[in-house]
Amino acid sequence: MKKSSLRFSNSILQFALLLLLFTSCKKTTETYNTPQLNDYYPLQTGKYITYQLDSLVYYNFGTTDSISHNQVKYVVDSLLTDNSGRPAYRIYKYYRKSSNDSWIPVASMWAINEGNKIEFIEDNLTYIKLVLPIQNDKTWKGNINLQNYISNNPDHAYLSDWDYYYSNVGESLLINGFNLDNTITINQRDDISGIPDNPDAYSEINFAQEKYAKGIGMIYKKFLHKEYQPDNNGGGAVQDGSYGVTYTMIDHN
């Protein structure tokens, strides 16, 4: 009776040791769902986003302004290669005044996912739109590739040395009736020089911001460059080259 109990106890002990050995040898891996560039900047043939475009323009020698309302659509056309031989998606830009009008092609652009950043090429100017890691307060020089252009076009010096940074990563957002569960904000520029409220003082405003939604792409963009120069007669005017645009998504696939 005692030998039987001893054998049973030994069997239990051996089983426990084997179980402990198996557990200690088993590899445990943890996965982290870190945001990727494709999450917020999906590139695939046929994808499109349509925007309401509100454009601020100045006329009458910079003494008057008005806002026009139109529609713009970005359509990813196909995967090709750029001048450097990199895989690049060509994007066509279409324009119309309202939903009652036909789309008119107006430009082609390029988007390149290099693995650690997204480059966007428009009018032969390259912007770094997104970088890794996608996390709050991550900064980068989004306009660094514009330096040669700025050197040859001093009127565009306001585009120099912009520090882009992420904020509100993962934020839920309501944009034009779309409930978006996961968005990011890219703050590109928010700079004021002089005294904009004083018509007798020089001032310059530069503001740029974009928002992206997971699985969709850019859902919102606001840009303003306004340079005001007073004169010697108690007046003044907004300088040539000043303008503003706001893109707000109204449709996507």
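The model is predicted. The protein chain has 253 residues, of which 37% are buried, and it contains three helices and 13 strands. One cavity of 30 Å³ or more turns up in a search of the whole structure.

**Chain overview**

- The accessible surface of the protein chain is about 15,400 Å², and carbon and sulfur atoms account for 50% of that area.
- Among contacts in the chain with a separation of 6 or more, 48% are between residues 24 or more positions apart.

**Largest cavity**

- The volume of the largest cavity is about 280 Å³.
- Its lining consists of 19 residues, and those closest to the cavity centre are Tyr 41, Tyr 51, Tyr 74, Ile 91 and Met 218.
- Five strands each give at least two residues to this lining: E1 (48-59), E2 (64-81), E5 (117-122), E10 (203-213) and E11 (217-230).
- The lining of the largest cavity comprises 13 nonpolar residues, five charged residues and one polar residue.

**Largest pocket**

- The largest pocket has a volume of about 480 Å³.
- Of the 24 residues that line the largest pocket, Glu 122, Tyr 127, Lys 221, Phe 223 and Tyr 243 lie nearest its centre.
- Two or more lining residues come from each of strand E6 (125-131), E10, E11 and strand E13 (243-252).
- By class, the lining of the largest pocket has 13 nonpolar, four polar and seven charged residues.

**Second largest pocket**

- The second largest pocket holds about 250 Å³ of space.
- Residues that line the second largest pocket include Thr 81, Asp 82, Asn 83, Ser 84 and Arg 86, as well as Ser 108, Met 109 and Trp 110.
- Ile 121, Glu 122, Asp 123 and Asn 124 are also part of the lining of the second largest pocket.
- Strand E4 (104-113) and E5 each supply at least two residues of this lining, and the largest share, three residues, comes from E4.
- The lining of the second largest pocket divides into three nonpolar, five polar and four charged residues.
- Glu 122 is in the lining of the second largest pocket and is also one of the residues nearest the centre of the largest pocket.

- Strand E8 (residues 163-175) and strand E9 (residues 178-194) run antiparallel and are joined by seven bridges.
- Within this pairing, Glu 171 has Thr 183 in E9 as its bridge partner.
- The hairpin of E8 and E9 has two residues between the strands, and Asn 176 takes a positive phi near 50° there.
- E9 also pairs with E10 in the antiparallel sense, over eleven bridges.
- Asp 191 stands opposite Asn 206 in E10.

**Ser 203**

- Ser 203 lies in strand E10.
- With a relative accessible area of 5%, Ser 203 counts as buried because this value falls under 20%.
- Beyond its neighbours within four places in sequence, Ser 203 is in contact with Ser 193, Gly 194, Ile 195 and Pro 196, and also with Lys 226, Glu 227 and Tyr 228.
- Ser 203 and Ile 192 are eleven residues apart along the chain, and their C-alpha atoms are separated by 7.3 Å.

How values were computed: Residues are numbered from 1 along each chain as its sequence is written. This is a predicted model: local features need pLDDT of at least 70, side-chain atom pairs count only at pLDDT 80 or more; totals for chains, interfaces and linings use all residues. Side-chain values use heavy atoms; hydrogens and water are left out. Helices (H or I, at least four residues) and strands (E, at least two) are DSSP runs, numbered from the N terminus. Buried means under 20% relative accessible area, exposed over 50%, partly exposed in between (1.4 Å probe, protein chains only). Contact means heavy atoms within 4.5 Å. Accessible areas come from the Shrake-Rupley method with a 1.4 Å probe; for residues, only the protein chains shown count as cover. On a 1 Å grid over the protein atoms alone, a cavity is a set of points where a 1.4 Å probe fits but cannot get out, and a pocket is an open set with protein on both sides within 12 Å along at least five of seven lines; lining residues have an atom within 4 Å of a point. Grid points are joined across faces, edges and corners, and a volume is the space filled by probe spheres set on the points. Ala, Val, Leu, Ile, Met, Phe, Trp, Tyr, Cys and Pro count as nonpolar, Asp, Glu, Lys and Arg as charged, and the others, Gly among them, as polar. Two strands pair if DSSP finds at least two bridges between them.
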